[in-house]
Amino acid sequence: MKKVLITGAAGFLGSHLCDRFIKEGYYVIAMDNLITGDLKNIEHLFPLEQFEFQHHDVSKFVHIPGKLDYILHFASPASPIDYLKIPIETLKVGSLGTLNLLGLAKEKKARILVASTSEVYGDPLVHPQSEDYYGNVSPIGPRGVYDEAKRFMESITMAYHRFHGVDTRIVRIFNTYGSRMRLNDGRVVPAFMGQALRGEDLTVFGDGSQTRSFCYIDDQVEGIYRLLMSDYTDPINIGNPHETTIKEFAEEIIKLTGTDQKIIYKPLPQDDPLQREPDITRAKEILGWEPKVNRAEGLKKVYEYFKSLSPEELQKKEHREFLTK
């Protein structure tokens, strides 16, 4: 049985990757420090013999006994609310955490896939964004702690690939949504869903003309899996190229939920990108991948998930770890 280490395993994306690799017949080592993740996302896997959980911060030395075939590095805060509250930890997991896991991959001769982001493009001057665009990022802006951590992650990953011959893959993830997102994580899908379910007005930042494109979790996981199994070592965008404005998206959510809330407008946060759409030509040509789930279908599924949450979860404003930190 092949063995895979998944960091950030108790998070939204990491937990779905655990499910996929269990389904594919792997022995899964799930690692998370639970600063933004939640054990409830993976508790259904605990009874399985081919699954184990390690409560650990990858910014510190990582030791895995025995053989290891694959490493997927998904440990990082991933929403603006999170990485603005814990900026140092965000920088450390993208830098020291990546360094530790690349060292582990070198020692074990394991293939490593690192989770980069569309945020490496910053507030892009090129649209849509292709992998050869270098980006427009402020290294000292409030979002720089995440953007630059991920840009450094890509740099050190390619350095280990070129200098040490480590077998590496880099995925640039665009907005993804699905079950197990935290309602209070600040990203637009759970934010709008939570506001609609609580009977609150939907908050749009700026005038709502900024664009995003949303990829359903099943499509994202499929793209990541195909990239890991490919021979391609340069970065690849995985996301849905069907773009919408935030104002249009808010109207979709109101229609879907059958609520009659108003849309209210607040100032746009600093360095918030005005456009976000992946060019997925490379993913289509190299991986034979493109998204299958359209937004209307995906949003229905995620709405059913959020409706199933308890009243306590629906009202929770603050992630528990930040209260004691």
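Student: Which strands does H3 lie across, and at about what angle does H3 run to E4?

Tutor: Keep in mind that this model is predicted. H3 lies across E1 (3-7), E4 (70-73), E5 and E6. Its direction relative to E4 is about 175°.

Student: Which strands stand at the edges of the sheet?

Tutor: The sheet is open and has 7 strands, paired in parallel. Their order is E3-E2-E1-E4-E5-E6-E11. An edge strand here has a single partner, so one side is left without a neighbour in the sheet. That describes E3 (51-55) and E11 (236-238).

Student: What is the bridge partner of Ala115 in E6?

Tutor: E5 (residues 111-117) and E6 (residues 168-173) run parallel and are joined by 6 bridges. Within E6, Ala115 is partnered by Val171.

Student: Which strands does helix H6 touch?

Tutor: H6 covers residues 217-229 and packs on the sheet. Its direction makes about 160° with that of E6. The strands touched by H6 are E4, E5, E6 and E11.

Student: Are H3 and H4 roughly parallel or roughly antiparallel to each other?

Tutor: Take H3 as residues 87-108 and H4 as residues 144-164. Their axes come within 9 Å and cross at roughly 15°. Angles under 35 degrees count as roughly parallel. H3 and H4 are therefore roughly parallel.

Student: How many residues of the contact of H3 with H4 are nonpolar?

Tutor: H3 contributes residues including Leu91, Leu99 and Lys106, while H4 brings Phe152, Met153 and Ile156 among them. The contact has 7 polar residues and 1 charged. The nonpolar residues number 11.

Terms used
Residues are numbered from 1 along each chain as its sequence is written. This is a predicted model: local features need pLDDT of at least 70, side-chain atom pairs count only at pLDDT 80 or more; totals for chains, interfaces and linings use all residues. Side-chain values use heavy atoms; hydrogens and water are left out. Axes are lines fitted to C-alpha atoms, for helices over the stretch in contact, and angles run from 0 to 180 degrees between N-to-C directions. Helices (H or I, at least four residues) and strands (E, at least two) are DSSP runs, numbered from the N terminus. Angles under 35 degrees count as roughly parallel, over 145 as roughly antiparallel, 65 to 115 as roughly perpendicular and the rest as oblique. Contact means heavy atoms within 4.5 Å. Ala, Val, Leu, Ile, Met, Phe, Trp, Tyr, Cys and Pro count as nonpolar, Asp, Glu, Lys and Arg as charged, and the others, Gly among them, as polar. Two strands pair if DSSP finds at least two bridges between them.
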